[in-house]
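The entries below follow the order in which I went through it.

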Amino acid sequence: MSNAACSRCDIRSSNTNRRIDRTSPYAAFLGSTLSYDETPESVQQGVKSFLREVDEELRELDKEAAHLDELVFSLKKKRIAAQAFRDDHAALFPPINSLPTEILLEIFSLSYSKPYQVFCPSTGPWLLGKVCRRWRTILWSSAATWSHFMIRDPDKGKHKVVAKPAVDGVIKRAGKLPLRFDIQLRGMLKSLMKPIIDRAAQWEDVGFTGRVSEFGLLDAAQKFPKLKTLRLEMSYDKRRVLARGGENLADVVQRFQHSPKLTKLSLSAIMYGSEINPLTVKFPWSRLTYLTVSLRCSDQRLMLQQFFAACPNLQVFVGKGSSSVGRSLAASDSNITTHTKLSQLELTDTEPLMHLLCPALKRLYIRTPEVFGSVHRDTLSSFIARSSCTLEEAETHMYENRGDFLSSVASVTRFILHCAFRKVVIDTLSAVDKPILILPHLNIFTLRSSISIKDLTAATGFESLVDMIESRWHVCSETPVARLQRVVSDESDDDFDDLYSFNASMYDEANDEDAVLPRSGGVPRPDHKTRIDAALDRLRAFKAEGLEITVTSWTEDGEQNLV
């Protein structure tokens, strides 16, 4: 046996000089039918000697194979070490470094789509600039990187030390690009605001939060030639401010009257007494196409009417807030205002609809449930009929059988329904001759309820809801309705905690086996649970067929996906 090393790889291999001749001298006896006793003794002895030689060769081959396995294992370990050694050095030249600067900047912009915090080194360009010198150089020289920022808590701890250099550096790097920012005025000093005020001509999309008195920091800014979007969020103690003769809400808004390109305004005042009459405030109301108003005042409805009258070119209006005095306006209190361009309307009260006519309306959202005394149950249907609008999306609350309302929104393709009791939905469906024809264009349906499926004895009702979904999923070609694409049924506790006890008696019927158990938190009867599980299985089958459907329920362990 020789242990010569290979001249190419320096691997020593065990080799034997003798190999068994594969041509057997006993071939004539192989496969013979002769028994052992019939085989000549000389042949038997020769075969035994021959087998010993073969066994010896097999042992040598096994030994050589084991030796080669050890060599392969050793080589693999050496290769792993060599690869790691190479990777350590190749890391000095990452592939991303070969990307052009323009591509890198585009990638960076995707990583911080939201405004970065000026005083937070773990966000935006501050964070990316820590990766390497090239990234830092690119980011520091890109004005677009710095032009979208926010300032929060400038007087907090260490921020006091770095505040002015940080703000000065951000404004300087932003160059002459349009500025987009949100600033918390509390704790801001004039020295911090000065570089921002000096660039008022570059403001494009800005927001300010603070007490009304703190808006005095903006005194030096007079004209805003590029301003397109403005967000104002204010708070103050009305009695203290008025006693001192200070500014009010109207004064703050009026500061921005010289904004010839302004089209979007969000106005929020977290205080009672947020009185403002847009008809008497100098401001480019007529240019606004998007308006969000969230105020607490003595008469919310009257103020909203004034906004509608002052802004004839609105396309989107979002009205939030509350009235400290629940005065109800009759239809004769105000003339009807026509908005020919309004396409999206979101309100927390249907009463302003009594004074509106919106023929171009496509999306209507009524966010707050109406179940107390000042409910105008027919206002919504009347408004839609009077406007002759073709709605595409709608969101509302329903607490009683309202088949007539569903008929008034028959054109919608997306419908979000908030309902304290799923039984209301079933009652509405059962009151219609052909439930499948309800909302014939509907593609996306969302049902939000405050009562868990597991707290229902209403197995029949839930089955009816599943029947409706199935009829709109397995649509026959001759049926003139659209096919559902997405269904969401979930539980929402929003707005229902106080309303629950008020309305539970409506459905707490002792003789109704399918009624909701509103105050018991009871468990469905065994037969009802089986039927509900079967209905859920049907929904899971629809999902397997391609329907995008989600059914969630709240349990002691939190939210649970049932489908």
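**Basis**

I worked from a predicted model, in which local features need pLDDT of at least 70, side-chain atom pairs count only at pLDDT 80 or more, and totals for chains, interfaces and linings use all residues. Residues are numbered from 1 along each chain as its sequence is written, and side-chain values use heavy atoms, with hydrogens and water left out.

**Whole chain**

I first looked up the overall figures. The chain has 563 residues, of which 42% count as buried; buried means under 20% relative accessible area, exposed over 50%, and partly exposed in between (1.4 Å probe, protein chains only). Its accessible surface comes to about 30,200 Å², with 53% belonging to carbon and sulfur atoms; the areas come from the Shrake-Rupley method with a 1.4 Å probe, and for residues only the protein chains shown count as cover.

I found 16 helices and 18 strands in the chain; these are DSSP runs numbered from the N terminus, helices being H or I of at least four residues and strands E of at least two. For contacts (heavy atoms within 4.5 Å), I took the pairs at least 6 apart in sequence, and 69% of them join residues at least 24 apart.

I compared the span of helix H1 with its length. H1 covers residues 41-90, and its 50 residues at 1.5 Å a residue should span 74 Å; the end C-alpha atoms are 72 Å apart, which agrees. The expected span is 1.5 Å times one less than the number of residues. The buried residues that I noted in H1 are Val43, Gln44, Gly46, Glu57, Glu60 and Glu64.

I then turned to Ala385, which lies in helix H11 (residues 379-387). Ala385 counts as exposed because its relative accessibility is 58%. Its C-alpha atom is 9.6 Å from that of Leu357, 28 residues apart along the chain. In H11 the buried residues are Thr379, Leu380, Ser381, Phe383, Ile384 and Ser387. After H11 comes Ser388, with a positive phi near 55°.

**Nonpolar cores**

A nonpolar core here is a set of buried Ala, Val, Leu, Ile, Met, Phe, Trp, Tyr and Cys residues joined through side-chain atoms within 4.5 Å. I recorded 106 residues in the largest one, where Trp203, Phe208 and Leu345 have the most contacts. Another core of 7 residues lies apart from it, including Phe108, Tyr112, Trp135 and Leu139.

What is Leu345 in contact with, leaving aside its neighbours within four places in sequence? I listed Phe308, Phe317, Leu353, Leu356, Leu361, Arg363, Leu364, Tyr365 and Phe383.

**Aromatic pairs**

I counted 18 aromatic pairs. Rings of Phe, Tyr and Trp (its six-membered ring) pair if their centres lie within 6.5 Å; planes under 30 degrees apart are stacked, over 60 edge-to-face, and the rest tilted. Phe149 and Phe181 are stacked, because their ring centres are 5.4 Å apart and their planes at 20°. Phe149 is in strand S2 (residues 148-151) and Phe181 in strand S3 (residues 179-184), so the pair ties together parts 32 residues apart in sequence. Both Phe149 and Phe181 are buried.

Phe308 and Phe317 form a tilted pair, with ring centres 4.6 Å apart and planes at 50°. Phe308 is buried at a relative accessible area of 2%, and Phe317 is buried at 0%. I also noted one aromatic cluster, whose members include Tyr116, Trp126, Phe149, Phe181, Trp203 and Phe208.

**Salt bridges**

I took a salt bridge as a side-chain nitrogen of Lys or Arg within 4 Å of a carboxyl oxygen of Asp or Glu; the count comes to 12. Arg255 and Asp219 form one, with the closest N and O atoms 2.6 Å apart. Arg255 is in the loop between helix H9 (249-254) and strand S6 (264-272) and Asp219 in the loop between strand S4 (203-211) and strand S5 (229-235), so the pair ties together parts 36 residues apart in sequence. Arg255 is buried at 17% relative accessibility, whereas Asp219 is partly exposed at 44%.

Asp537 and Arg540 also form a salt bridge, at 2.6 Å between the closest N and O atoms. Both lie in helix H16 (residues 526-545), 3 residues apart, about one turn of the helix.
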